[in-house]
Amino acid sequence: MSSKSSAKNQNPHGLKFTSLDQIWDDLKMGIKQVYSRQEMARKRYMELYTHVYNYCTNVDQLANARFTSAKKKGPQNQVGAHFVGMELYKRLREYQQDYLVRLRQDGFDLMDEDVLNYYTRQWEDYQFSSKVLDGVCAYLNRHWVRRECDEGRKGIYEIYSLALVTWRDHLFKPLNKQVTNAVLKLIERERNGETINTRLVSGVIKCYVELGLNEDEPISKGPTLSVYKESFEDRFLTETDHFYTTESTEFLDQNPVTEYMKKAETRLLEEMRRVRVYLHESTHEQLAKRCEKVLIEKHLDRFHAEFQNLLEADKNEDLARMYKLVSRIVNGLPELMTLLQTHICNQGLAAIEKCGESAINDPKLYVQTILDVHKKYNALVLTAFNNDPGFVASLDKACGQFINQNAITKMANSSSKSPELLAKYCDSLLKKSSKNPEEEELEDTLNQVMVVFKYIDDKDVFQKFYSKMLAKRLVQHNSASDDAEASMISKLKQACGFEYTSKLQRMFQDIGVSKDLNEQFKQHLTSSEPLDIDFTIQVLCSGSWPFTQGSTFNLPSELERSFQRFTTFYGSQHSGRKLMWAFHMSRGELTTNCFKNRYTLQASTFQMAVLLQFNTSTTYTIQQLHENTQIKVDLLQQVIQILLKCKLLECDDGTADDIKPSTEVKLFLGYKNRKLRVSINVPMKTEQRQEQETTHKHIEEDRKLLIQAAIVRIMKMRKMQKHQQLLTEVLAQLSSRFKPRVPVIKKCIDILIEKEYLERVDNEKDMYSYLA
């Protein structure tokens, strides 16, 4: 009775205690079955699981019972579960160690592919079996192992992790060198063109990755890659360096750079495929960097030298390959960009120089030459260099250089020759002609013009010449298409802003207003005495049009009445406005009655004035014509020369080029022409030369005003400014219109000081102050 009583006191809840010895033999047999990869029925698996479960739960319950009945006796009574869990854990660990020691002995003398075959096969079997065992011991993992880890106990792992640690210590470490060597040899063989069993490499790599446990967090999920990196990746990268250093040097010594680039491209793709097929993805970045350094960066000098040859030979495919390779290197591209810029600039200069002097007087040839160079290298940048912003900038800089400074600008001794020729090219496109392109083609050509316009430094010069030529087209009703004119102005507005095109747009408005005014004048004439000639007028705002007031002369009596009638009509419509007549821009038609055929001559007002004199006499001296018409002598001489060349007049003494005041000219009554409508209104040299001179003069004057306005704007905002900083800001503000010269800016500062907009600050060198 007494013994039963004491047992009852030790186990007050009546729990059945299962010792480890009772279950171990059967559990060990089951584990052996698992590691021998024998087939296992579900029932048998559950028996093994139940062994571990019953053992652990019995122990836990007993430990809890003891804990409840002995709360006041201290913590030493809570170690039962800890002790028994440790025993089971130790026996599992010992079993795995014994198993792996036997495997190690079998594989110790194996080398190369034999050791890889053995290692990967045994690893796959061992890993699978350990996962099954981990499932059997799931309850031990969830409770005892977790509790031990939570309490900070070192060297305790979940059963699968324990299997990995045991493999690492008892099989991986002893065989590591020969396995890794075998893997590296296999990879080298593949690099040399042999076909290998990649499954052997990937099997080893997966094992190395799996062995990288986080020992600070034993129950955390996922490997740390420590084993993979230390035992394989570091050596693999070193071997890669060595292999490609040797190969690239030898290949370049025996082959051209173009062939080497193909080889390098292939090798880089192979290495990336290698990562995908059997290496860990984390190796990708390091491997790419190592390969790029050895295959590309170390040979950049050879690449740079070859780049120039490829440009000269137009090897676009090889250029694209070089770009793709060099773009992998940090700061590898700037040198190529510089080389490209220099090459394009030289090609542009050479192309323009090849045109010779003819380009000065042939705007189409000049602009087309520029566009051909731009088109070629823009296509190159787009296709070979993937429209890389750096290469686009190189193209832009090069075009800016050779367009603004080239053989033609040197011949003309003016950097503003390019905008002038571009404006003339626009005029030839937009002026009525038998060669006018279709509307769609014209729009494309205008887009090409804007490409050149973008690179011009002196955009204000283009504006001056363009506005003069537009004005002539509008006044002479010589525009090929109003839509094309509007489209071009829209493009310029988009490129340079509203202010740049405001005068151009006002010209169009004036033409519209003039049409209405002509209608009103015609209605006015119908209500009073009509004119005996067809008379059309254009009233233009002097501030918007680039015309200067022409010289006065005696208007022919045949035109005087029309002139007076319109002046009176306009005065009645707009009191206070003053009409300034631009006779040099006026034109008309004369009908002849003195020749065999009746001709209609389209003539300038000055030509009309001279020809109408021959209604009263058929012969005049130059002096007499000057006195009758009051046209300036030099201008009159040119008018006469044109009429002589047209064979409307004839001269007895000397040629048309040698006219004196005493020279006699007479009407040539034998005049013949195949056309009945004949235009004799051709530009005069003096007129053209004078127009060019005044245009350039106006440009300089306008620039001074723009510079002064920019200085005032800056000083109004800054109040005080250093000289150098003021220069920098003025240059920055005006660079979109033109590049101001520093001496001109300094002169404008002095003018503003004189006008008391600015003053120099006393005792402070190079400092200006704004005077409000």
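Helix α8 (residues 198-210) and helix α9 (residues 226-254) cross at roughly 130°, and their axes come within 6 Å. The model is predicted: local features need pLDDT of at least 70, side-chain atom pairs count only at pLDDT 80 or more, and totals for chains, interfaces and linings use all residues. Residues are numbered from 1 along each chain as its sequence is written, and side-chain values use heavy atoms, with hydrogens and water left out.

**Overall make-up**

- The chain has 29 helices and nine strands. Both are DSSP runs numbered from the N terminus: helices are H or I with at least four residues, strands are E with at least two.
- Of the 772 residues in the chain, 46% are buried. Buried means under 20% relative accessible area, exposed means over 50%, and partly exposed lies in between (1.4 Å probe, protein chains only).
- Take the contacts between residues at least 6 apart in sequence: 71% of them join residues at least 24 apart. A contact means heavy atoms within 4.5 Å.

**The α8 and α9 pair**

- Axes are lines fitted to C-alpha atoms, for helices over the stretch in contact, and angles run from 0 to 180 degrees between N-to-C directions.
- The two helices, α8 and α9, are therefore oblique to each other. Angles under 35 degrees count as roughly parallel, over 145 as roughly antiparallel, 65 to 115 as roughly perpendicular, and the rest as oblique.
- From α8, the contact uses I205, Y208 and V209; from α9, it uses V227, Y228, S231 and F232.
- Sorted by class, the contact of α8 with α9 holds six nonpolar residues, one polar and no charged. Ala, Val, Leu, Ile, Met, Phe, Trp, Tyr, Cys and Pro count as nonpolar; Asp, Glu, Lys and Arg count as charged; the others, Gly among them, count as polar.

- Helix α19 (residues 439-455) has 17 residues and should span 24 Å at 1.5 Å a residue; its end C-alpha atoms lie 25 Å apart, which agrees. The expected span is 1.5 Å times one less than the number of residues.
- Buried residues in α19 are L442, T445, L446, V449, M450, V452, F453 and Y455.
- Their cover includes α15 (363-383), α16 (389-404), α18 (417-430), α20 (459-475), α21 (482-496) and α22 (498-526).
- D427 sits in helix α18. D427 counts as buried because its relative accessible area is 11%.
- Leaving aside neighbours within four places in sequence, D427 contacts M469 and R473.

**Positive phi in loops**

- Most residues other than glycine have a negative phi.
- N387 has a positive phi, near 55°. N387 lies in the loop between α15 and α16 and is partly exposed, at 39% relative accessibility.
- K719 also has a positive phi, near 70°. K719 lies in the loop between α27 (685-718) and β7 (720-722) and is partly exposed, with a relative accessible area of 45%.

**Cysteines and H143**

- The count of disulfides is zero, where a disulfide is a pair of cysteine sulfur atoms within 2.5 Å.
- C149 is buried at 16% relative accessibility. C748 is buried at 1%.
- H143 belongs to helix α6 (residues 138-150) and is partly exposed at 32% relative accessibility.
- H143 and C56 are 87 residues apart in sequence; their C-alpha atoms are 8.6 Å apart in space.
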